[in-house]
Amino acid sequence: MADNGDNDSQHRVNEGDYVVLKRGDIYKAVQIQKKKKTVFEKQWFFLDNAVGELYGTTFEVVTGGTLQPRKPKCVENAKEAGTDNRNILDDGKSQKLTRDDIETLKEQGLKGQEIVQQLIENSTTFRDKTEFAQEKYIKKKKKKYENSVMVLRPSCRVLAMMYHGREPGKICHLRYDTLAQMLTLGNIHAGSKVLVFETCAGLVLGAVMERMGGYGSVVQMYPGGGPVRAGMESFGFPSHFHDTLHEFPICHVNALLAGALDTEAKDIDAGGQEKKVKMEEKRKKLAAAAAVLEGRNADGLVIASRFHPCPVLLGLIKFLAPSRPFVVYSQYKEPLIECYTKLREQGGAVSLRLTDSWIRHYQVLPNRTHPMLLMSGGGGYLLSGTTVATDTPKTGSTRGEEPAAKRLKLTETTEG
């Protein structure tokens, strides 16, 4: 019984959990904190009542910003329906309820579903609409008047859709289907050692850690003064996931490859005990990450950043063991073409592929299945390949992996 209770609690919202709020196609990542006002889509409410409920529950926002689990209740559709909409005149006079009447209904405490039902009953043209037009009308009114919000468990797919829909620039316009291909092409799995260099707010890092399940090791190569992990923190990983995560500044890569990186403790007057403790902690993290990298036996490399990927790829690929995959994302194909050319010239990589991503959503309804009118224009480009061991790097060769043509030796013969 205790085990069943533990398993059940994993599927319920707890205080301090990171969750994703969903309303229609809009997402927002928040942390559950009691008595804290949360603003979502110009509406404020408290998440106190979400604690203890199952993930995926839809809540109704009632008076005072309180969440109340919504009971399944379908809006009653009229049985009568017209054959076409040719005789319906959209003059704005078909609705008997005025704006003031609707505001009065809200003040009386009527919920969104009940207001939609009142709008249907007071519409003079609703029964003349076709069945399809009636469903479209109901969907439009639900979106406008229903104050509902769904609480979801954070996942790679949900967070990728959230970032791509709200702030695509923060993740270099990385689309969720492209991210899924990166995890597949990089062969990310539990127990592996993966290098990640990204400037996507930590989304790619979190996706890699989620796929590994807390087993193995991840080294985050970061530019600047420190790693950015806002997206990774939104996953709400347990503590043992963070034990597998290391960080290493990209500016020290050349020193590590040359064997000149100094990670020994030094007695430096930092001008304060607190600052000295922080510097010592940073040194320990650097030494731990360097120990992981020094073996040059990493199992995978994932790159997705706003920087030019060529120098980053050529530097980090040296930490991979032979016969290991790597994948590089870029919003544009030209930088990846340069990477492709460099790798062909110097060798050390085979099965190089440069691909682009394309996706289109479909509406699937009875007698109304068709592609959606609006779609994403592009999902970026991916360069993938596999490392191989080489005795000496190739330089100045434009034929990369192609063997040199054999010369035939001609011999003179004399006729007797």
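**Aromatic rings, salt bridges and a helix pair**

Author: F235, F237 and F241 form one aromatic cluster. Please keep in mind that this is a predicted model.

Reader: How are the rings of F237 and F241 arranged as a pair?
Author: The pair is stacked, with 4.9 Å from centre to centre and 5° between the planes.

Reader: And are F237 and F241 buried or exposed?
Author: F237 is buried, as its relative accessible area is 13%. F241 is buried too, with a value of 11%.

Reader: How many aromatic pairs are found in the whole structure?
Author: The search finds five. One of them joins F197 and F307, whose ring centres are 6.4 Å apart; their planes stand at 35°, so this pair is tilted.

Reader: Where do F197 and F307 lie?
Author: F197 belongs to strand 8 (residues 193–198), while F307 is in the loop between strand 11 (300–304) and helix 12 (309–316), so the pair ties together parts that are 110 residues apart in sequence. F197 is buried at 2% relative accessible area, whereas F307 is partly exposed at 34%.

Reader: Let us change topic. Why can charged side chains pair?
Author: Side chains of opposite charge can pair when their charged atoms come close. In this model the count comes to eight salt bridges.

Reader: Which residue forms a salt bridge with D177?
Author: The partner is R175, and the closest N and O atoms are 2.6 Å apart. Both D177 and R175 are buried.

Reader: What about K278?
Author: K278 forms a salt bridge with E274, with the closest N and O atoms at 3.9 Å. Both residues lie in helix 11 (residues 273–294), four residues apart, which is about one turn of the helix. K278 counts as exposed because its relative accessibility is 54%, and E274 counts as exposed at 60%.

Reader: Which residue pairs with K285 in a salt bridge?
Author: That is E281, with 3.8 Å between the closest N and O atoms. K285 and E281 are also four residues apart in helix 11. K285 is partly exposed at 39% relative accessibility, and E281 is partly exposed at 42%.

Reader: Finally, how do helix 5 and helix 7 cross?
Author: The axes of helix 5 (residues 156–166) and helix 7 (residues 203–212) come within 10 Å and cross at roughly 170°. The two helices are therefore roughly antiparallel to each other.

Reader: Which residues make that contact?
Author: Helix 5 contributes C156, L159, A160 and Y163, and helix 7 contributes L203, A207 and E210. By class, the contact has six nonpolar residues, one charged residue and no polar residues.

Definitions and conventions: Residues numbered from 1 in each chain as written. Predicted model: local features only at pLDDT ≥ 70, side-chain atom pairs only at ≥ 80, totals over all residues. Heavy atoms only, no water. Axes fitted to C-alpha atoms, helices over the stretch in contact; angles between N-to-C directions. Parallel < 35°, antiparallel > 145°, perpendicular 65-115°, else oblique. Contact = heavy atoms within 4.5 Å. Nonpolar A, V, L, I, M, F, W, Y, C, P; charged D, E, K, R; others polar. Salt bridge = Lys/Arg side-chain N within 4 Å of Asp/Glu carboxyl O. Buried < 20%, exposed > 50% of the residue type's maximum accessible area, 1.4 Å probe, protein only. Phe/Tyr/Trp six-rings, centres within 6.5 Å; stacked < 30°, edge-to-face > 60°.
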